[in-house]
Amino acid sequence: MKEFNELTGPWAGQSVQNALRISESIRLTIRTGQVWGSGVDKDGDFELTGNYNARTQQVTLTRRYTRTTEPSQEGVGIAYDYSGIWDGSMVHGHWHFRINPSEGGPFEMWPNRDEDREELKISLENTALVPR
């Protein structure tokens, strides 16, 4: 199991919004329970701030867009709250629109460093089925 507090760097993620899966590219800084960073998805550029509780493995984040793909930039600054659990390889949980908590969906995010991709490749190779 990887220690969340040691995973500063590039992350990847996906969230479900209006029945569509949206991919995200994220850069996180993690320091003793504090989390912050920035990223991009189809809706625009965003910043993240939040916390990690090592005892419960709980990750809480707030996302705010700094630029959107909407010409009016209407969504800039609006808060989206993310609450998830670190399971040793990824954070998974639920996100919601802060001013309308019933609007949201599931999300996942995982470290996307070279060594993490290599580790996943080795793991997949070791579990490949051998034809008989």
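**Barrel, pocket and selected residues**

Asparagine 112 lies in the loop between strand S8 (100-111) and helix H1 (114-126); helices (H or I, at least four residues) and strands (E, at least two) are DSSP runs, numbered from the N terminus. The model is predicted, so that local features need pLDDT of at least 70 and side-chain atom pairs count only at pLDDT 80 or more, while totals for chains, interfaces and linings use all residues. Residues are numbered from 1 along each chain as its sequence is written, and side-chain values use heavy atoms, with hydrogens and water left out. Asparagine 112 counts as partly exposed, at 26% relative accessibility (buried is under 20% relative accessible area, exposed over 50%, partly exposed in between; 1.4 Å probe, protein chains only). Its C-alpha atom is separated by 5.8 Å from that of alanine 12, 100 residues away along the chain.

A barrel is closed by 8 strands in the order S1-S2-S3-S4-S5-S6-S7-S8, with antiparallel pairing; two strands pair if DSSP finds at least two bridges between them. Strand S4 (residues 44-53) is paired with S5 over 10 bridges in the antiparallel sense, and aspartate 45 stands opposite arginine 67 in S5.

Threonine 68 is placed in strand S5 (residues 58-68) and counts as buried because its relative accessibility is 8%. The side chain of threonine 68 reaches the backbone nitrogen of glutamate 70 at 3.3 Å. Neighbours within four places in sequence aside, threonine 68 is in contact (heavy atoms within 4.5 Å) with Asp43, Gly44, Gln73, Glu74, Gly75 and Val76.

The largest pocket holds about 430 Å³ of space. A pocket is an open set of points on a 1 Å grid over the protein atoms alone, where a 1.4 Å probe fits, with protein on both sides within 12 Å along at least five of seven lines; lining residues have an atom within 4 Å of a point. The lining of the largest pocket comprises 20 residues, of which Gln17, Asp43, Tyr65, Gly75 and Tyr80 are the closest to its centre. S5 supplies the largest share of this lining, 3 residues.

Most residues other than glycine have a negative phi. Glutamine 73, although not a glycine, has a positive phi of about 60°; glutamine 73 lies in the loop between S5 and S6 and is partly exposed at 29% relative accessibility. Threonine 32, also not a glycine, has a positive phi of about 45°. Threonine 32 is located in the loop between S2 and strand S3 (34-41) and is exposed, with a relative accessible area of 73%.

Terms used. A polar contact is a pair of N or O atoms within 3.5 Å; within protein, one must be able to donate a hydrogen and the other to accept it, and residues adjacent in sequence count only if both atoms are side-chain atoms. Grid points are joined across faces, edges and corners, and a volume is the space filled by probe spheres set on the points.
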